[in-house]
Each structure stands twice: as C-alpha cells, then as structure tokens.
Number of protein chains: 2
Amino acid sequence: MLESFVTVAPDSDFPLENLPWGAWEWHEPGASAPSLHVGVALGEHCVSATALQAAGHLQDLPGAPAGVFSHGRLNEFMGAGAPAWRAARQQLQRLLSAGEGAVRDSRELRQRALHPASAVRMLLPAAVGDYTDFYASRQHATNVGSMFRGPANALQPNWLHLPVGYHGRASSIVPSGVDVFRPRGQLLPAGAAAPVFGPSAQVDFELEVAAVIGPGNALGAPIPLAAAWEHVFGLVLLNDWSARDIQKWEYVPLGPFNGKNWATQISPWVVTLDALEPFRAALPPQDEPEVLPYLREEAAHRRSYDVDLAVDIVPAAGSPDTPGLAATVTRSNLKNLYWSFAQMVAHHTAGGCNLRPGDLLGSGTISGDTPGSRGCLLELTWAGRDELELRAERGAGAGVGETGTGAGAGAPGKEAAGDGGVVLGRRTYLEDGDTVTLRGWCGGGPPAGGGARRIGFGRCEGKLLPCR
Amino acid sequence: MLESFVTVAPDSDFPLENLPWGAWEWHEPGASAPSLHVGVALGEHCVSATALQAAGHLQDLPGAPAGVFSHGRLNEFMGAGAPAWRAARQQLQRLLSAGEGAVRDSRELRQRALHPASAVRMLLPAAVGDYTDFYASRQHATNVGSMFRGPANALQPNWLHLPVGYHGRASSIVPSGVDVFRPRGQLLPAGAAAPVFGPSAQVDFELEVAAVIGPGNALGAPIPLAAAWEHVFGLVLLNDWSARDIQKWEYVPLGPFNGKNWATQISPWVVTLDALEPFRAALPPQDEPEVLPYLREEAAHRRSYDVDLAVDIVPAAGSPDTPGLAATVTRSNLKNLYWSFAQMVAHHTAGGCNLRPGDLLGSGTISGDTPGSRGCLLELTWAGRDELELRAERGAGAGVGETGTGAGAGAPGKEAAGDGGVVLGRRTYLEDGDTVTLRGWCGGGPPAGGGARRIGFGRCEGKLLPCR
Ligand SMILES: [Ca+2]
Ligand SMILES: [Ca+2]
Ligand SMILES: [Mg+2]
Ligand SMILES: [Mg+2]
Ligand code: NI
C-alpha cells in the first residue's frame, strides 16, 4: 500500500494507487477568475498537473509536447501514448508520497496544486471528437432481443460475428453533476395509427463503461487487434440516457437518433489501465462461432477488468421520511461483456476509420446473468411489464455504500438489508426528479483484510429534470 | 453584376456575388513555413480574411469576437450569426470591387491577401464537432426501399412523419482533393452461412448537400422551426462514400457503421444563404400525411434552392484514347428533397440535442424522378443488376463542363452528346482508380443571356485508391 502525505480514507475511490485523470475549473481564493486544470484525484483532493508542471515538475514525459498540461483538456496527453502516461504516473506517485518533500513541504505549491474536491467544478476530461456506442454484452442483447423478437431470435445474425455499434452524438456528452431534461419527441402511442409529439414517458438509464482513446490512428490505417489496448488511455462510467418510446418509433432503418442524443453522461475521472492492472480479468472464450481472424483473441488475452458496477436511484425529495436515501437497482460487472474493448477498437478501425485522442467507445449496457444485474430499466422491468421496487437500506445515502437491495453480489463486507429496507417508490421508467448514479470499483475489501486496495471510478450522477 | 478588380471568368463558380467561405494553408513565397488562412473564393483566387483583418479591415462584425479570422478555422465566425456574416460579406464585396482602392492599389496587401487557388491547399472550413446524415429525398428512400422490400413497402412507417437520420462519423470527414482507400470489412457473401473479412466489392458514392451549422443551441433548448434557417451558415456538397456490402451485413439493428465511417468528403467552399438567395425555390407541400406541428411549414416557406447537381466519374488513366475524360453519371437538383434543412434542424434539436457551429447536416442522397437523376450507384444500377455505361463527351474533362450523357436536364446552353460520346467503361460499383467528382451550381446561363450570375459550389472530388 502506497502512503501519501495527503489524507486518503481507507475506503476512498482514489488512493495513490489509482490517480485517475480529469479536468476541472478551480477558483483560487483571491484570484479574479477561475482557472482550468488537469490532473489526478487523490482522496478528497484534485492534484493539479497543470500547477505542478508550471512549477517545474512533470517535465520529462517521453512523447508528450512541452506544456502538455496547460490546455485545460487532456487530449494531447492522451495522444502521447503509454510511455508518457507511465512516466507521469510514476512521477506523481513519487511527488505525492509520504516521504517526498518537494510538494509536502512547500506551502505555496500545496496551495497551488492541491484543490479540495468539494471546491472544484469537474469538466469533461477531454474534448470528445467522436463517441461510439457498442452493444457488447450478450446478456443485454439477448434480453432486448427476446422482448422484441422472442427468445429464439434474440440475437441478430451478425451479433456473434462482430461488435455491433453505432455512432453517437458527441455534443451532448456531459460530466457527472449536470442535470438533464426529459426530452420531447415523436412517439407512436400503443394502437395509434399516427405519431404524436410530446414528452417521452419512457426515460431510462443505461449502465455502461467507456474506453477513452489514446493515440488513435490515421485515416486508412487500421489498428490491429494485437496493438489495440495500447490505444486505450483508460476507462470511465457512462450513462447512455435513453428515451425508449422515441427510439422505438424512429430507429428503423438507420438506428437510434433523438431517442439517445439528448444526453450522455460520464464520470469525470479516467481510471488508467495501469491502475486497473491488478484487477485484470479474462472474458469467456468465443468459440461458437469462432470469430474472424482480425477479431480473434487467444483465450488468455480476452482481457477485461473485475470492476463491480452499481446503479442507484434517489427519487426527488418527496417523503420527509426518506431524505436522500438511495435504492441500488442493479449490480453488474465489467466482466459481463462478450466483446473486449480491444475488439471494439480493431473492428472500428478495420475499414480505415480513424480514432482520435479523447474519443469515447461505450461498451453498451452491461447486463449480467441474473435479473438483479440487468443494466437498464427496459430490462429490469421487461419493457415496463414488471414494476421495480426502489428499496433502500435506512441510512444509506447515494453512493455512500452498498444499499444491499440489488439481486447481484454486494461488495465484500456488506450485507443485504433484507426486510429492513425502506421502499422509496416503484418505477417502470424514470420519474422527474429521479437522480441516477452509476458507481464502479475494484477490490474494496476492508484494508485490514489484506485485499488489493480499492480502485474506484467515483460517480456518474445526474438528475432527470422535467421537460423544459 | 458586380465587378471586381480581380479577374473572374464569366463561367466561374466564384463571382463577387458568391464569396463562399473556406480555410486553407498557404506557403507565402519566402516564408519559412506555411500559414493558415480563412476567407472567400473569388474567381481563381482565395481572398484571405485573415490577412485583411490583420491589416485593419473587417474589424466591425457585430457579434463576432476580435480576431475571429485568426484561428485557421471558421467555427467562431459561423457561431457569430447572420449580422456578422452579412457585415463581412458587404465589407468584402466593397473591398474587392473594381472601384475600391484599399486592396486594389496596395501591392503589399494584394500579395498578402490574394492567394492563387492553384497554390493553396484547401482544408476543412471548420472543425466538425458532429456530423449527422439524413435521408430526406423521397425518391431515394423509395428506390432503396423498393429494391429491398418491394414497391408496396418502400417507405418505412416513420418516413413521412419525421426526417430520418443517423449520427455519422466526424473524424473521417475530408475535404475535396483527398484520396480515399477502398475499405476492408466483414461481409456476408451471397448464399453463405458465415461472414468473411475482405475488401468491399460494392464501393459507392452518395450525392448529397450538407448544411453547415451557424450559432446552434444549448443542450436542452430546442431550435423552433421558425428560427431554424438562422442556424444555417451555408451549404456544401457532400459525398457519403459507402461500402454497400459491409453496410448490408452490419446495419441491423443500430444503423450504418463501418460501411460509411471510412470517408465522407465535402467541397471546401461553404456557399452562404445570402449568395443563394436569388435561387430560392419552394419544396412541394407535405399534406399526405400532414406533418406534426413542430415540423409543419406553410407551403410558401418550404424553402430549398435551385441548385443543379452532377456527379462525374473519371476512370484511372487506363486507355490512352481517353485521358482525363469524365462521364457524368447523374444529374439531380437540391429541390429533390421531401424534408427541408429547417425541418432537419428543428427535428434534430426537438429533444434537446445541441448543435454547434461547424456541425454538418447531410441531406442524404438526392435522387430525382428520372433514372438519370439517381444519386448513387446502388440506385443507378439497381443494386448491381444493371450495368451503367460511363459515357463521356470527347474533350470534356472532369468538371470542365457538362458532358451531356446523363439522362437528366443539362445546364442551359449545352447539348447532350448523343451518339458522339465515348464509352469509358462500365460499372456496377466503383473500381480502384475511379475519381468521383460532385458539382453543384445555380444559374449558369450564358452571362450575355441576362440570367442570374452563376453561383457555384466548386467540386467535391476524390479518387478511390486500392485497399491499403
Ligand atoms: Ca447504449
Ligand atoms: Ca448518406
Ligand atoms: Mg446517449
Ligand atoms: Mg460517410
Ligand atoms: Ni478562439
């Protein structure tokens, strides 16, 4: 366990082993205007690489241009590649360690570079040139296909041969903490002959993880599968807010459009592959059918990470009895993918399409084998057929800890609340005022237990506001 | 007719009445490195607004930030809105007019601001944050639907109710003059049970026009139909290069992906709505069915422009007999749309999705009523059933003039070559080495005839290179 001179709680998402990258606005006390920073999270602080580099640190990053942290966005750093990422990580772990005095003993540098997380406004970590959303969980694709075409035809003929994906909307990607408006749109009411225009009645979340692209490729120069992971800078949580009724009417034959382009939300901290390395996990083999050679991975190289995922819903403060209580409505894991991020990169570029630093590749909804691990309300309520009870453990605020009401496995050391829970409401789809929070973490056993230190993703959180 | 001190040929696409906007790289004789410029086309010159503004002109543009032309991209200028666009147009028309000495009489300023078109490298006019492609020509949708589902079910149930569109890939948008590589991809050979990976055998062009977005909107704040045209900075030609075999296998259920993300090409000059104003044309009424109120346009407001469109193919120099001869394979017109660009803007933002300056909204393939006005090879060859003869008029180079072999209406004053033509080859889909050129123009009758002065779009041209 690495020790820092900065206080890090034992259950923090952001120990010195993590150091996820982000961007934020910081209004320094006494300064006339806020300034833009990029850097890493450590406990309850944001550590400004911008300030540290301006003070002469973080100078020697192989492949990175001078002043790479001075732009308020991480795109250039992401484009610099693994040697620069690794060098920055090592230098930051040293600078922030308990035994190193360069920052610890300089009151001025600490003030310039250590910003309390509660005082900053997190931004998108990078300008997102393009956002692609895949459909890579077999359980999710099977559930959705079964609902609409029956279990016998659940998967389309192409699904087991290629990672199906579509181009999403980049402009409407927002970081955690931004609230979103229920969309209006064109819908076909059940049994109606003609569509109407009005508020969506089927607003949903989608629990996803996205890869943030590093160097990328030139147009016409595919990234081979063997090199694909080198182009992943790290991972974030992603909530692909969706309006099912709009999507259902519009999506034939060119795919989702207004049903999904009104908001896509990501967690602001990009967790690097180096931080996730202790939690590497294999994906199941793909042998029925065997995939084509450009996508074929040896079983041992079918890489994912053992990232526990959960989604909480906090209804609008309506009942004085349950202020701020959160219901965990699903628990899943990043191992619940059929296609690896490396395969998504290789397939995406196979025809020559270019990826750029900061691009996002969403996994698609990550659903597991059990009903409690389904990654969206469409599946959890079986397209609205079954109401979902929002059940919270008393005293558990959103994201404070496991609420124990989901059907999936809880984090180690926490128990399901069982009948001691509180019912906050019932849902088919989301109601105005609902706050949706995605969480993700690796490890997280009690530190005394000697397990690997918890590596967290923080939160991806947004409230659904009424139609504007 | 406006007269400039810069020479403009009578049949030029770029008279003083046009002044389309673009961006380019210019290596000034004697300079150590090339520099980036934005500005307008005039005859055979690029007029640098960057240089003129640096010399003290173009200072007073309402709503535009200082130095708006100093970034090498037009995004900020596009975002400034119509008052700034109109002021810049008026000031440039004055500065470049025959009677005005400020530029005409300064050898130094002429050298800094007037760059021969043959000596610059055209770039994308703006950074494209997002690119959306619609499907707005009824003839195109009907042809494609008839091929795959039969004439009775040609249009999907939603088609007459909303402008169907999908999110395209922004990273692979290239300007005219960049050559593209035939993509490899996953395809299902006819009759096969499993897909293979290999070169696409069905590479196609798509004749489109795209709206370039001006100010745009904030997330959650739709643009009402009545304000939509204010958000269109201008129009460009767009070739949505497509691989039909890849598209066919991948596109269910989320839409086109690798079939279309390997290259999208645009003409480098954005023709403004002010320049197109004399050629305004009405679209046919939409009354069967009537569309929903948020998309409903009074017949008199169903705006398009009378832009003649053509596509030329020049095969690789294979025959010494026909060097550089071009076959015009289709002629269409921007009036062949069912959905207006204003409706596309209103629908795109109806759920809150935000548009940003420089975004592209492609019309979709623009096909007319006759076989000779179909906008892609898929339609021209009826999915490969009918071979297309590439027939050129002797002596007509690509884009030099009308080659007269298309079945649509030629430009006034030119005649079809009839049997005097030369057959350059036959095609179902494109062959390696084929150069595809889109052209567009308004007016273009002989100047002596007293018609409105020709307003041209220039070319959107690229060669299909073999698989890399
Ligand atoms: Ca999704
Ligand atoms: Ca298209
Ligand atoms: Mg989304
Ligand atoms: Mg394209
Ligand atoms: Ni600027």
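This is a predicted model: local features need pLDDT of at least 70, side-chain atom pairs count only at pLDDT 80 or more; totals for chains, interfaces and linings use all residues.

Biologist: Which residues are the protein donors of the calcium ion (ligand 2)?
Modeller: B:Asp133 (OD), B:Glu206 (OE), B:Glu208 (OE) and B:Asp240 (OD), at 2.2 to 2.4 Å from the ion.

Biologist: What spacing do those donors follow along the chain?
Modeller: The pattern for the calcium ion (ligand 2) is D-x72-E-x1-E-x31-D.

Biologist: Is B:Glu206 buried or exposed? And what about B:Glu208?
Modeller: B:Glu206 has 5% relative accessibility, so it counts as buried. B:Glu208 is at 0% and also counts as buried. The cut-off for buried is under 20%.

Biologist: Why does A:Lys260 count as buried?
Modeller: Because its relative accessibility is 8%, and buried means under 20%. A:Thr264, at 0%, counts as buried too.

Biologist: Now the chains. What rotation superposes chain B on chain A?
Modeller: A rotation of 180°, with 0.0 Å of shift along its axis; the RMSD is 0.0 Å. The two copies are therefore related as by a two-fold rotation axis.

Biologist: Which C-alpha in chain B is nearest the axis?
Modeller: That of B:Gly255, 2.1 Å from the axis.

Biologist: And through what surface do the copies meet?
Modeller: The same surface, because 100% of the interface residues of chain B are also interface residues in chain A.

Methods
Residues are numbered from 1 along each chain as its sequence is written. Chains are lettered from A and ligands numbered from 1 in the order in which they are written. Side-chain values use heavy atoms; hydrogens and water are left out. Donors are N, O and S atoms within 2.8 Å of the metal (3.2 Å for Na, K and Ca); water is not among the atoms, so sites may look incomplete. Buried means under 20% relative accessible area, exposed over 50%, partly exposed in between (1.4 Å probe, protein chains only). Copies are superposed by least squares on the C-alpha atoms of residues with pLDDT of at least 70 in both. Contact means heavy atoms within 4.5 Å.
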